[in-house]
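Hi everyone, thanks for coming.

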Amino acid sequence: MEPILIDIIAGARPNFMKIAPIIKAIQERQGRGSRLRYRLVHTGQHYDARMSGDFFAQLGIPVPDVNLEVGSGTQAEQTATIMTRYEKLLMEKRSDLCLVVGDVTSTMACSIAAQKLCVKVAHVEAGIRSGDWSMPEEINRMVTDAITNYFFTTSEVANANLRRSGVSDEKIHFVGNTMIDTLLANMGRLRPPMFWEELALESGEYFVLTLHRPANVDDLDQLTGMLTAVAGGCRNLPVVFPIHPRTSKNLGTSPIPDNIKLVEPQPYLEFNYLVKHAKAVITDSGGITEETTVMGVPCMTLRDSTERPETVTMGTNVLLGTDPTNLKPALDLLFSGRWKKGDIPPLWDGKTGQRIAEILEATL
Ligand code: UD1
């Protein structure tokens with residue numbers, strides 16, 4: 001029987017935890033004689049060890065077969081470079097399927113290049129929508145889903161979004177969340193970062209903050225206003241702030257409140273240890289709100305919308321918007337001990353990678 005070659009695309013930090021379980025599931029099937037083969041393509045959108053290599057090492061992801069080395073640039077520059085280089089790769093050696101995950105620029109760019117060469121596209125985490133067209137990720141999701149053949153989804157809301165946009169039921173595979181596969185598989189390996197003792201952190205007695213969305217960090221006044229509000233609302237408890245390169249660049253040498261503890265972007269095991277033991281997480285990320293939901297950690301999202309509504313309706317997440325004055329009442333509620341408890345969404349059970357591999361094998 002002919003092997004089936006699947007390109008697995010990864011470009012930026014949030015992709016890496018999503019591809020790991022899919023690769024593992026394909027490898028397991030290969031061990032049992034499956035026809036599935038994969039070629040791991042790293043676009044190079046993220047390239048620093050702290051944004052990329054550390055995750056491959058900690059999560060046991062194989063060294064990529066190809067690195068397109070696109071590096072940083074504007075949205076259009078990155079998209080164009082990824083498309084040009086991935087198209088060349090496909091023309092040199094065609095694959096049978098291009099599997100993309102999430103909503104980063106690499107996700108969209110590779111889907112377009114593949115589909116134009118009539119290579120079918122599978123999108124993992126398809127169908128989620130924030131409705132906010134000012135976020136590049138929303139455009140990436142919409143464009144990718146417009147040219148996807150196999151939709152792998154994390155929630156019923158995503159299924160409904162896809163049906164509403166005319167996708168037929170047989171193309172939608174509700175499989176759960178591969179990022180949660182990775183979290184559950186690594187829960188026992190989480191470990192404190194080196195600075196745990198130096199900062200005198202104690203379980204439940206500190207906050208974790210992450211900020212990297214252009215709406216929060218590109219304007220220095222908005223960024224420092226947010227930091228001041230966080231520091232004040234957290235009542236002098238330490239706020240661990242692993243700072244994203246984009247945020248770091250924009251913050252420059254501006255002064256920040258004393259209880260905000262700036263640290264480098266953290267590797268996977270250390271970051272999730274920090275989250276698991278935090279009093280709460282304050283973030284503008286999407287993926288982190290899924291992890292806090294599964295770990296039952298209170299989460300405040302500094303955005304007006306979310307593409308992951310189940311983290312709010314079922315989970316521990318609350319949308320606070322980008323106005324810094326919204327933080328204090330939410331933090332007061334947290335300190336009063338009345339934060340909601342939350343449930344884990346259906347199929348976020350650690351077996352999503354296996355379901356995806358099984359469906360690919362049966363379908364291709
Ligand atoms: C990207 C994703 C976003 C994701 C985030 C997680 C898009 C549109 N955005 O945003 O969805 O939540 O990654 O981190 O794909 N930089 C470095 N080292 C790196 C990578 C980037 O220093 O390894 C710096 C560069 O100066 C770059 C800036 O960070 O200009 C932003 O990187 P970019 O990939 O453009 O977008 P992110 O903000 O990281």
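**Around the ligand**

Let's begin with the make-up of the shell around the ligand: its residues divide into 6 nonpolar, 9 polar and 5 charged. Keep in mind that this is a predicted model.

In total, 20 residues surround the ligand. The closest are Gln 45, His 46, Asp 48, Glu 137 and Lys 249.

Now for some polar atoms. In the side chain of Glu 137, an N or O atom is 2.5 Å from an oxygen atom of the ligand. For His 46, a polar side-chain atom lies 2.8 Å from a ligand oxygen, and for His 212 the corresponding distance, again to an oxygen atom of the ligand, is 2.9 Å. As for cover, the ligand on its own has 750 Å² of accessible area, and the protein covers 90% of that.

So where does the ligand sit? You'll find it in the largest pocket.

Let's zoom out to the helices. Four of them, α1 (13–31), α3 (75–92), α5 (136–146) and α10 (245–251), each supply at least two residues of the shell around the ligand.

Why does the ligand lie between domain 1 and domain 2? Because domain 1 (4–177 + 348–363) and domain 2 (193–335) both give residues to the shell around the ligand.

Key
Residues are numbered from 1 along each chain as its sequence is written. This is a predicted model: local features need pLDDT of at least 70, side-chain atom pairs count only at pLDDT 80 or more; totals for chains, interfaces and linings use all residues. Side-chain values use heavy atoms; hydrogens and water are left out. A residue is near a molecule or strand if one of its heavy atoms lies within 4 Å of it. A polar contact is a pair of N or O atoms within 3.5 Å; within protein, one must be able to donate a hydrogen and the other to accept it, and residues adjacent in sequence count only if both atoms are side-chain atoms. Accessible areas come from the Shrake-Rupley method with a 1.4 Å probe; for residues, only the protein chains shown count as cover. On a 1 Å grid over the protein atoms alone, a cavity is a set of points where a 1.4 Å probe fits but cannot get out, and a pocket is an open set with protein on both sides within 12 Å along at least five of seven lines; lining residues have an atom within 4 Å of a point. A molecule sits in a cavity or pocket if more than half of its atoms lie within 2 Å of its grid points. Helices (H or I, at least four residues) and strands (E, at least two) are DSSP runs, numbered from the N terminus. Ala, Val, Leu, Ile, Met, Phe, Trp, Tyr, Cys and Pro count as nonpolar, Asp, Glu, Lys and Arg as charged, and the others, Gly among them, as polar. Domain bounds come from an automatic or database domain assignment.
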